[in-house]
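Me: I have a model open and would like to learn how to read its features. Can we go through them one by one?

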Amino acid sequence: MELTTIWFIAIAVLFTGYFILEGFDFGVGVLLPVLGRDNRERRAMINTIGPVWDGNEVWVITAGGAMFAAFPHWYASLFSGFYLLLFAILVGLIVRGVAFEYRGKGDTDRWRRNWDLCIIAGSVIPAFFWGVVVANIVRGVPLDGNFDYTGSVWGLLNGYALLGGLTTLLLFATHGAYFLHLRTNGDLAERARALGLKLGAATAVPALAFLVWTQAAHGNAVTLVLVVLAVLALLAGLALDYTGRSGWAFAATALTIALASTALFCALWPNVLPSTSDAANSLTHENAAATDKTLGIMTWAAVVFLPVVLLYQGWTYWVFRKRVVLERIPT
């Protein structure tokens with residue numbers, strides 16, 4: 001297997017892992033005003049993701065770094081053409097991170113309410129715009145002979161991309177509801193389970209439409225199998241949540257995200273950023289790649305350091321695996 005193929009797969013895995021892990025903490029932030037009836041419940045919700053949210057963001061940082069080193073032309077065209085969308089995501093992540101740190105520094109309701117709004121906005125914006133970004137990558141954008149984006153930001157807000165954004169927003173919210181059912185107790189957990197059923201049903205419509213659109217416009221035999229499995233996993237999550245099997249329901253939405261993300265990257269291959277103006281201007285895994293020497297060095301570095309990072313993050317989740325008990329949180 002060529003190194004360009006290996007690094008395309010590696011970047012796809014990193015983004016998929018990011019969407020699975022960051023997806024549920026985006027979902028918790030989105031649901032903060034819906035499930036959190038008072039400060040104790042909102043604090044409990046935040047505590048479920050408090051130890052892990054920043055570690056989840058390492059995945060997208062690593063994915064961006066790998067893209068920069070392995071496919072510099074892809075990185076340059078994507079980050080320049082999608083600048084405003086990615087900037088909005090970045091601002092949302094910064095605001096959310098600051099809010100997590102500062103929410104508990106004040107004692108007034110107004111102080112906490114304002115930071116809660118920052119957490120909500122900092123979760124909704126990235127959850128939506130990541131879907132818009134990924135959908136546009138698969139759909140393709142106008143590129144010139146130098147692989148520069150020649151469209152406008154309004155061109156990125158097309159129907160397919162907006163549907164993708166709505167899908168990720170609702171899917172992450174569902175993922176977050178199942179996570180809260182798994183990690184909290186009492187009435188809060190039951191309300192999370194009930195909301196998860198409603199969100200899962202609401203997610204099924206745009207998710208099915210988006211995946212069918214993707215399959216019709218960009219799919220192949222492999223993506224068809226992945227799309228069908230993703231839809232079945234989403235429906236399985238609904239059934240499992242209905243029966244109260246929170247862990248399996250959460251695993252089902254994680255599998256849904258993994259299968260859907262894999263389908264999108266398979267639909268993209270062998271391109272990394274298709275050109276809608278002229279197919280000859282499309283960026284592929286070959287013409288966007290760095291030198292073989294660079295890819296070789298990166299591969300050895302990944303072999304050495306990746307297992308260490310995965311073991312550390314796995315240990316973190318194991319340490320903080322217990323439920324957040326509402327009664328132990330001070331009012």
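Reply: Tyr312 and Trp315 both lie in helix H14 (residues 292–319), three residues apart, about one turn of the helix. Helices are DSSP runs of H or I with at least four residues, strands are runs of E with at least two, and both are numbered from the N terminus. This is a predicted model: local features need pLDDT of at least 70, side-chain atom pairs count only at pLDDT 80 or more, and totals for chains, interfaces and linings use all residues. Residues are numbered from 1 along each chain as its sequence is written, and side-chain values use heavy atoms, without hydrogens and water.

Me: How are Tyr312 and Trp315 paired, and what is the angle between the planes?

Reply: Rings of Phe, Tyr and Trp (its six-membered ring) pair if their centres lie within 6.5 Å; planes under 30 degrees apart are stacked, over 60 edge-to-face, and the rest tilted. Tyr312 and Trp315 form a tilted pair, 6.2 Å centre to centre with 35° between the planes.

Me: Are Tyr312 and Trp315 buried or exposed?

Reply: Buried means under 20% relative accessible area, exposed over 50%, and partly exposed in between (1.4 Å probe, protein chains only). Tyr312 is exposed, and so is Trp315.

Me: How many aromatic pairs does a search of the whole structure find?

Reply: The search finds 27. In one of them, the rings of Phe179 and Phe250 have centres 5.6 Å apart and planes at 50°, so this pair is tilted. Phe179 lies in helix H10 (residues 159–183) and Phe250 in helix H13 (residues 246–268), so the pair ties together parts 71 residues apart in sequence. Both Phe179 and Phe250 are buried.

Me: Why does Arg191 count as buried?

Reply: Its relative accessibility is 13%, so Arg191 counts as buried. Arg191 sits in helix H11 (residues 186–218).

Me: Which side chains make a polar contact with the side chain of Arg191?

Reply: A polar contact is a pair of N or O atoms within 3.5 Å; within protein, one must be able to donate a hydrogen and the other to accept it, and residues adjacent in sequence count only if both atoms are side-chain atoms. The Arg191 side chain makes one with the side chain of Glu41 at 2.5 Å, and another with that of Asp187 at 2.8 Å.

Me: What about disulfides?

Reply: A disulfide is a pair of cysteine sulfur atoms within 2.5 Å. The whole structure has zero. Cys118 has 23% relative accessibility, so Cys118 counts as partly exposed.
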